[in-house]
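Student: Please take one part of this structure and look at it closely. Then place the rest of the chain around it.

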Amino acid sequence: MAPTAIEKNRPIVICGPSGSGKSTLLKRLLADCPDKFGFSISHTTRNPRNGEEDGREYYFTTRDKFEALKNEGGFIESAQFGGNYYGTSVQAVKNIAEKGRICILDIEMEGVKQVKNKDLNARYLFLQPPSLEILEQRLRGRQTDSEDAIQKRLKQAKVELEFSKQPGVFDRIVVNDDLEKAWGEFREFCSAYKLTKSRALHHGTCLLSSPNLNVIPHYLHSPAKPFIKARGVESVSSPVGNINIPNDDFMEVVKKNFAEIYDSEEGCESQTVGEQQLDVLELRKGYNELRSLDWTFGQTPQFTFSSYPTEGDDRVRPASGLSPSARVFLKVRNGTISEASLSTSESTQLAYQEIQRVSQALEGRKLQGVDNWFDALRTTGALQDSSDLGAWLNKMLPPTTTPS
């Protein structure tokens, strides 16, 4: 199946307290790259501020019309704040993607939670103010909100700042203590994976000059493949080979191409960084993040793992060696188990009880946090016999370790 426009142009979600500077940076990004990005215009029931126009900053609508569209499933996300409704419509995102642009969504915390439960496969950035004191100064400097509204926004900002600290929620946090510095980080995040200007079709894996070619295929083949179905991504076997290009030559070409695309400002220069630069705090932070299991699993698309054919994956499964009554179904989104249905009992009633107890124990748990499936199932006390099932899951979805 051909990828949809949204799959080809992966959306970017921007979140941050009111007054953090989102509007300033977004306007600059859209002015600099009007053909690459498009801003998702939200619907709202609040009144326009001075200078705002319908269809530019927001689609201003009535509460009745907003609720009607929401009931029709017309919103990707919606929330109520300050007595008003805000929402991002499905059609608004589609319109931008169909123009070949990346959709930018400026939404608040509850909206982020809703989008993460959709199939957008978006990237997430949180824009953080230097402090609550400076944020309050910015809000008062607007001279557009009442004292009550300012206090509500400050209260909400505290909640959002705590939310941003949760591992895996945001791919990047940018502190806006210096506008030019924040702009550089913001633009880098939005443009980082667009280096080639278009997505490549994956027909094989090309390595530069790896000495480990003989062992790499071992890591690319999993016994769980016949039981896994990823949403929006079909896993295909592909050849692996060296193209015998020296690393230094490859890096010079990347620098040259990157400079041609992004080094438009006077004084900018592309640099190659390596482990010798890890004493720089930001580089060390990014390096550690890329090596972390939370980042690795967080980039994984939603997938299901099932020991039996399902409506969404009707493939015939190979023999598992489990008892005929054993049934396993897991749904994993961004590394977190969102649905778990496991049972071993032949009795329908007992199997239902097992499923309920296991789902309570496993749902919401990070897949990379399961050190041993046998222990994880045994501690639930739900299954009559978890030994064979635990051993099989340890083989299919083995425990992970952080790279040394």
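**A buried cysteine and its setting**

Tutor: The structure holds zero disulfides, a disulfide being a pair of cysteine sulfur atoms within 2.5 Å. In general, such a link is a covalent bond between the sulfur atoms of two cysteines. Residues are numbered from 1 along each chain as its sequence is written, and side-chain values use heavy atoms, with hydrogens and water left out.

The part to look at is Cys103, which sits in strand β7, residues 102–106. Helices (H or I, at least four residues) and strands (E, at least two) are DSSP runs, numbered from the N terminus. Cys103 counts as buried because its relative accessibility is 1%. The classes are buried for under 20% relative accessible area, exposed for over 50%, and partly exposed in between, with a 1.4 Å probe and protein chains only. Cys15 is buried too, at 0%.

Leaving aside neighbours within four places in sequence, Cys103 is in contact (heavy atoms within 4.5 Å) with Pro11, Ile12, Gly38, Ser40, Val93 and Ile96. The C-alpha atom of Cys103 is also 5.8 Å from that of Phe39, although the two residues are 64 apart along the chain. Across the chain, among contacts with a separation of 6 or more, 66% join residues 24 or more positions apart.

Around this site, the chain has 15 helices and 15 strands. Of its 404 residues, 36% are buried. The accessible surface, from the Shrake-Rupley method with a 1.4 Å probe and, for residues, only the protein chains shown as cover, comes to about 23,600 Å², and 51% of it belongs to carbon and sulfur atoms.

Charged pairs come next. A search of the whole structure finds 17 salt bridges, each a side-chain nitrogen of Lys or Arg within 4 Å of a carboxyl oxygen of Asp or Glu. One of them joins Glu52 to Arg46, with the closest N and O atoms 3.0 Å apart. Glu52 is buried because its relative accessible area is 18%, and Arg46 is buried at 8%. Glu53, Arg56 and Glu57 are linked in a network of salt bridges.

In helix α8 (residues 179–191), Lys181 and Glu185 lie four residues apart, about one turn of the helix. Their side chains meet in a salt bridge of 2.9 Å, N to O. Lys181 is partly exposed at 42% relative accessibility, whereas Glu185 is buried at 11%. Another salt bridge pairs Asp313 with Arg315, the closest N and O atoms being 2.8 Å apart. Here Asp313 is buried at 5%, and Arg315 is partly exposed at 33%.

With a relative accessible area of 31%, Val254 is partly exposed.

One backbone feature is worth a look. Asn334 has a positive phi of about 50° although it is not a glycine. Asn334 lies in the loop between β14 (327–333) and β15 (336–343), and is partly exposed at 32% relative accessibility.

Last comes confidence. The mean pLDDT of the chain is 82, and 90% of its residues reach 70 or more. Where pLDDT is low, the predicted coordinates should not be read in detail.

Conventions: This is a predicted model: local features need pLDDT of at least 70, side-chain atom pairs count only at pLDDT 80 or more; totals for chains, interfaces and linings use all residues. pLDDT is the predictor's confidence in each residue, from 0 to 100.
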